[in-house]
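Visitor: I'd like to learn how to read a model like this one, feature by feature. Could we walk through it together?

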There are 2 protein chains.
Amino acid sequence: MSQKLTPRSTDYSKWYNELVVMADLAQHSDVKGCMLIKPYGYAIWEKMRDALDRMFKDTGHQNAYFPLFIPKSYLSKEAAHVEGFAKECAVVTHYRLKAQDGGVVVAPEAKLEEELIVRPTSETSIWNTYRVWIQSYRDLPLLINQWANVVRWEMRTRLFLRTAEFLWQEGHTAHATSAEAIEETERMLGVYTEFANHWLAMPVIQGRKTANERFAGAVDTLCIEALMQDGKALQAGTSHFLGQNFARAFDVKFTGKDGQLDYVWATSWGVTTRLIGALVMTHSDDKGLRLPPKLAPIHVVIVPIYKGEEQMLDIRRRCEPLMAELRAAGVTVKFDDDDTKRSGWKFAEYELKGVPLRLAIGPKDLENGTAEVVRRDTGEKANLPFAELGKRIPALLDAIQQGMFDAALQFRDAHITPVDEYETLKKLLDEKGGFFSVHWDGTTETEEKIKADTKATM
Amino acid sequence: MSQKLTPRSTDYSKWYNELVVMADLAQHSDVKGCMLIKPYGYAIWEKMRDALDRMFKDTGHQNAYFPLFIPKSYLSKEAAHVEGFAKECAVVTHYRLKAQDGGVVVAPEAKLEEELIVRPTSETSIWNTYRVWIQSYRDLPLLINQWANVVRWEMRTRLFLRTAEFLWQEGHTAHATSAEAIEETERMLGVYTEFANHWLAMPVIQGRKTANERFAGAVDTLCIEALMQDGKALQAGTSHFLGQNFARAFDVKFTGKDGQLDYVWATSWGVTTRLIGALVMTHSDDKGLRLPPKLAPIHVVIVPIYKGEEQMLDIRRRCEPLMAELRAAGVTVKFDDDDTKRSGWKFAEYELKGVPLRLAIGPKDLENGTAEVVRRDTGEKANLPFAELGKRIPALLDAIQQGMFDAALQFRDAHITPVDEYETLKKLLDEKGGFFSVHWDGTTETEEKIKADTKATM
């Protein structure tokens with residue numbers, strides 16, 4: 001770590017931007033608005049994906065893969081959807097290049113009859129397919145999920161939080177009744193909530209979007225929102241009840257048990273690589289990342305403290321059985337024997353990377369039969385009996401996971417303020433931020449007034 | 001299964017096209033040239049991906065994610081690469097649509113300064129990044145893999161075998177010496193070979209592409225080729241030694257241990273969803289798919305033979321402990337209690353879907369303490385003691401995996417013909433197909449003559 005991180009208190013936004021790059025999570029690509037997810041960041045995403053995927057499968061969903069491209073005309077089939085999505089899209093107009101003057105140019109004759117849109121979301125192409133897949137109540141419910149990349153053109157980008165291309169999952173389900181579709185919408189919000197709590201160690205508040213902020217084409221949009229350390233809320237996942245809007249737009253009908261034809265009821269739900277941004281902003285500090293063990297690519301780093309190769313090899317030999325025991329228990333361990341770095345540099349580096357536990361072991365520790373164990377979340381140091389580490393480390397990791405959730409929960413609850421007076425709300429929004437529990441008459445007018453006055457969202 | 005599959009002997013190509021659709025693996029999408037991978041097909045791909053991903057990680061590789069879009073100018077930086085790839089590409093020229101007359105049109109003012117290409121492969125954007133990531137020998141080897149979608153425009157498409165968009169993995173590694181890069185090229189060819197043998201149950205021949213068929217930008221292209229049932233070879237994976245071509249094109253240099261600056265040595269290697277096509281064409285028959293257990297989404301289907309719900313429930317009750325035992329052993333079991341289908345229909349359906357083992361259990365079987373077990377690969381039927389099924393089924397699945405490999409190996413070896421005379425080769429190519437072991441002077445002229453005369457490739 002050659003460079004120092006801007007403290008959160010100086011500039012929270014700058015701190016975030018620096019940390020994501022310095023901790024090797026991601027970087028901006030040469031293509032404006034796109035990001036490049038580096039191995040350390042991608043390893044976190046893989047753990048998120050695997051955990052969510054198991055939860056989706058446990059609730060009866062199957063994965064499939066729909067095309068990257070959507071014919072332009074599809075976007076305008078659902079009236080509200082076109083308003084929301086047919087704007088900032090990447091448009092493919094040609095399908096061939098040709099060599100010219102040592103470079104390449106677009107071949108003008110290779111122009112598509114109908115332009116193709118790089119999917120910003122897949123409701124339109126999926127519901128166009130469901131028309132063929134769904135004929136009878138026996139084909140329902142249809143519970144499909146897709147892991148994919150999507151593109152929504154953005155000029156002002158922030159790594160993970162807002163990028164033109166991002167990775168996500170999109171669930172698209174079809175049901176025979178409104179009640180079943182609403183139940184599914186709520187079930188998936190529940191899955192997201194459980195994932196946020198137990199994996200991200202990030203307590204969330206379940207909410208309902210106002211008509212203004214609803215997904216384009218949805219009847220109802222549920223969401224989970226988390227509180228970042230700067231007192232701002234971050235939307236972490238959404239689950240939409242789409243009613244029969246897409247079924248009508250794409251003419252998807254089914255024959256019920258009673259022999260009657262009716263339009264199908266729909267949901268869609270998604271979370272994105274933005275969750276990595278939320279993870280960073282919920283837990284990290286001025287030293288770097290703090291990763292909850294369930295999503296950390298490395299759980300434990302062992303830094304040998306030695307003089308000369310012989311001492312290092314001795315420490316390694318003594319650590320081998322411990323590492324084998326930990327790996328068998330599902331713990332990822334790294335033994336850092338890099339001879340070109342000082343141990344102080346290594347300590348700072350693994351703090352920056354958010355590795356939950358650091359062990360430092362020198363010749364004296366070996367003599368005493370102990371090791372220095374440092375928790376990344378609390379900074380707590382302890383000299384533990386070396387012989388007990390194989391048992392105690394998995395328990396410590398569980399304690400860290402729980403401790404991080406508890407700390408985030410405490411922070412959040414300290415930032416939920418009940419307010420009765422509008423003037424008080426305006427004052428507190430300036431001073432404190434956080435969530436405010438308020439009275440609202442439920443109208444769009446009031447929502448817009450509050451937003452105009454305070455920039456707060458409902 | 002309402003429709004009957006065209007027999008392989010009548011029209012092998014038609015049989016393949018029908019089978020892929022009827023077995024619910026994939027279908028053509030409305031976007032010309034693109035496919036839609038259905039849940040059953042995607043479940044096979046997930047198993048392939050997971051197995052390969054473990055093998056990549058076990059050989060020291062990490063995953064990352066690079067952008068979907070590549071600036072047009074990048075494609076022309078490596079002279080041979082531009083020839084091969086800067087042709088049939090999807091070109092993004094605009095980034096906004098606008099509403100007009102109830103539809104949407106491309107906003108002419110939202111034209112990109114430089115067009116973006118939807119990646120046909122990622123060497124160019126990855127090597128442009130490696131210039132920043134690689135400074136010294138300490139940064140090497142750099143062993144990165146990416147799972148992604150890519151697009152190569154195709155007019156004549158076949159599901160899985162040739163589509164405009166497909167899913168794949170692309171490994172991109174950087175090394176300090178030519179020898180290390182060549183070793184990596186061979187190592188990954190070995191990984192592909194092992195995967196083909198042990199997972200796909202598909203014996204492959206390792207080969208080297210001629211200068212004509214080499215990857216655009218490679219110094220050497222190694223490949224694995226499998227023999228399909230129609231006697232034609234199918235390329236199943238490639239591993240390229242790229243020399244210093246991309247390092248030169250993107251100016252990627254490193255300081256060696258000796259302090260000298262030199263260009264980095266490179267490899268790239270990939271397999272695609274085409275492997276699903278290879279799997280189908282290697283093993284399947286006129287009744288449908290035959291899936292090797294290691295890649296089958298369902299290992300065992302239990303079809304209860306019953307009259308009335310009570311009998312069905314009784315059979316299910318008796319099967320519950322068996323299913324729990326099998327699931328604990330990693331075996332995926334489906335109990336098909338669909339009341340709307342006859343058991344004959346179900347038998348045909350699971351044959352079509354290639355489920356490796358089918359159990360049929362009726363009241364008489366319960367009395368006798370047996371079950372009828374049918375192997376999909378050989379059609380072999382046996383009445384086995386019900387109490388032993390929990391132990392015998394995992395062993396049977398292993399035997400099926402091995403049996404399928406042995407059968408495919410025997411078929412392949414029966415179709416490798418050593419030929420000494422050119423006239424004999426031409427005759428046998430017409431009559432028999434398969435692999436021919438021939439003498440070749442190594443020249444492009446001879447290769448082209450053989451191709452022109454016989455359509456065979458080296």
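Visitor: Which residues does L200(A) touch, not counting residues up to four places away in sequence?

Guide: Before that, the ground rules: this is a predicted model, where local features need pLDDT of at least 70, side-chain atom pairs count only at pLDDT 80 or more, and totals for chains, interfaces and linings use all residues. Residues are numbered from 1 along each chain as its sequence is written, while chains are lettered from A and ligands numbered from 1 in the order in which they are written. Now, contact means that the C-beta atoms of two residues, placed from the backbone, lie within 7 Å. On that basis L200(A) touches F195(A), L275(A), A278(A), L279(A), P292(A) and L295(A), with residues up to four places away in sequence left out.

Visitor: And which residues have the most contacts inside the largest nonpolar core?

Guide: Two terms first. A residue is buried if 20 or more other C-beta atoms lie within 10 Å of its own, exposed if 12 or fewer, and partly exposed in between, with C-beta atoms placed from the backbone. A nonpolar core is a set of buried Ala, Val, Leu, Ile, Met, Phe, Trp, Tyr and Cys residues joined through C-beta atoms within 7 Å. Here the largest such core has 250 residues, and L200(A) and L200(B) are the ones with the most contacts inside it.

Visitor: How many helices and strands does chain A have?

Guide: Helices (H or I, at least four residues) and strands (E, at least two) are DSSP runs, numbered from the N terminus. Chain A has 14 helices and 23 strands. Its C-alpha trace spans about 80 × 70 × 50 Å along the principal axes, and 43% of its 458 residues count as buried.

Visitor: What about domains: into which ones is chain A divided?

Guide: The bounds come from an automatic or database domain assignment. They give domain 1 (12-283), domain 2 (293-396) and domain 3 (416-454). The centres of domains 1 and 3 of chain A, taken over C-alpha atoms, are separated by 30 Å. Nine residues of domain 1 are in contact with six of domain 3.

Visitor: Moving on to the two chains, how many residues of chain A are in contact with chain B?

Guide: 54 residues of chain A contact 54 residues of chain B. Strand β5(A) (residues 91-94) gives the most to the chain A side, with four residues. That side divides into 31 nonpolar, 13 polar and ten charged residues; Ala, Val, Leu, Ile, Met, Phe, Trp, Tyr, Cys and Pro count as nonpolar, Asp, Glu, Lys and Arg as charged, and the others, Gly among them, as polar.

Visitor: Which strand of chain B is joined to β5(A)?

Guide: Strands pair if DSSP finds at least two bridges between them. β5(A) is joined by three bridges to β5(B) (residues 91-94), and the two run antiparallel. V91(A) stands opposite H94(B). β5(B) also pairs with β8(B) in the antiparallel sense over three bridges, where H94(B) stands opposite K111(B).
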